[in-house]
Amino acid sequence: MQPPIDGSTRKTLAAAAFFLALCAAGLAMLRHSRLAWQGMSMPGDPGPFFLIRLCLWAVGLAGAALLVLGLLTRRPAPRKPTGELLAAGRSWLLSALLAVSLVAMPALMDMLGTAPAVAIFATAWIALLIGLRDGWGPRLALPALGFGIGAAVFVHLVFIRLLSLPLPT
């Protein structure tokens with residue numbers, strides 16, 4: 001018997017953990033919301049939270065089923081060659097770096113303004129991605145800088161001037 005998610009025990013257990021955590025967090029938030037609505041019941045009405053609770057329990061049951069399937073089909077993971085491990089590590093590192101940069105973007109927008117923050121963000125990411133693909137060198141600075149400035153001009157014209165959105169300038 002093979003694990004249901006991509007034939008991988010780890011992915012199946014990770015999905016189970018995600019569903020169970022989502023269910024637990026949802027039920028905790030639902031409990032908090034129900035306490036705020038106490039004393040507002042209508043006769044014969046199961047409550048405005050019945051469908052939400054039903055959906056959360058369905059997510060929790062799906063997580064429990066994935067957990068059982070993942071544990072029943074558990075087998076030792078095959079050893080990966082070093083090249084695959086390095087590629088997986090680089091992939092995780094890039095994902096983490098993107099998450100950190102997206103979290104830092106609003107602070108950068110407040111400090112510098114929207115257009116300069118977009119220029120720095122786009123230039124850094126284009127330089128990083130071009131460098132990973134083609135190798136590092138001074139020749140990658142010009143296209144990265146051009147793309148960053150172009151992205152900043154586009155954001156400034158479209159979102160700040162034309163749409164008049166209240167962004168930090």
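The chain exposes about 12,200 Å², and carbon and sulfur atoms supply 73% of it; accessible areas come from the Shrake-Rupley method with a 1.4 Å probe, and for residues only the protein chains shown count as cover. This is a predicted model, in which local features need pLDDT of at least 70 and side-chain atom pairs count only at pLDDT 80 or more, while totals for chains, interfaces and linings use all residues. Residues are numbered from 1 along each chain as its sequence is written, and side-chain values use heavy atoms, with hydrogens and water left out.

**Overall make-up**

- The chain has 5 helices and 0 strands, where helices (H or I, at least four residues) and strands (E, at least two) are DSSP runs numbered from the N terminus.
- The order of elements from the N terminus is α-α-α-α-α.
- Of the 169 residues in the chain, 23% are buried; buried means under 20% relative accessible area, exposed over 50%, and partly exposed in between (1.4 Å probe, protein chains only).
- Among contacts with a separation of 6 or more, 66% join residues 24 or more positions apart; a contact means heavy atoms within 4.5 Å.

**Helix α4**

- Helix α4 covers residues 114-134, which is 21 residues, and spans 30 Å from its first C-alpha to its last, close to the 30 Å expected at 1.5 Å a residue. The expected span is 1.5 Å times one less than the number of residues.
- The buried residues of α4 include Thr114, Val118, Trp125, Leu128 and Gly131.
- These buried residues of α4 pack against α3 (82-112) and α5.
- After α4 comes Gly135, with a positive phi near 95 degrees.

- Helix α5 has 22 residues and reaches 30 Å from its first C-alpha to its last, close to the 32 Å expected at 1.5 Å a residue.
- Ala144, Gly148, Ala151, Ala152, Val155 and Ile160 are the buried residues of α5, and they pack against α4.
- Leu145, Ile149, Val153 and Leu157 form a nonpolar surface patch with about 350 Å² of accessible area together.
- Patches are made of residues with over 30% relative accessible area and no salt bridge, joining like charges within 9 Å and nonpolar side chains (Val, Leu, Ile, Met, Phe, Trp, Tyr) within 5 Å. A salt bridge is a side-chain nitrogen of Lys or Arg within 4 Å of a carboxyl oxygen of Asp or Glu.
- Leu157 sits in α5 (residues 141-162) and counts as partly exposed because its relative accessibility is 46%.
- An α-helix has 3.6 residues a turn, so residues three or four places apart point the same way.
- α5 is followed by Ser164, whose phi is positive, near 50 degrees.

**Aromatic pairs**

- The chain holds 2 aromatic pairs, counted when ring centres of Phe, Tyr and Trp (its six-membered ring) lie within 6.5 Å; planes under 30 degrees apart are stacked, over 60 edge-to-face and the rest tilted.
- Phe18 and Phe19 form a tilted pair, 6.0 Å centre to centre with 50 degrees between the planes.
- Phe18 is exposed at 53% relative accessible area, and Phe19 is partly exposed at 29%.
- Phe154 and Phe159 form an edge-to-face pair, 6.5 Å centre to centre with 85 degrees between the planes.
- Phe154 is partly exposed at 49%, as is Phe159 at 31%.

**Ala14 in helix α1**

- Ala14 lies in helix α1 (residues 9-36) and is partly exposed, with a relative accessible area of 47%.
- Ala14 and Gly70 are 56 residues apart along the chain, and their C-alpha atoms are separated by 9.2 Å.
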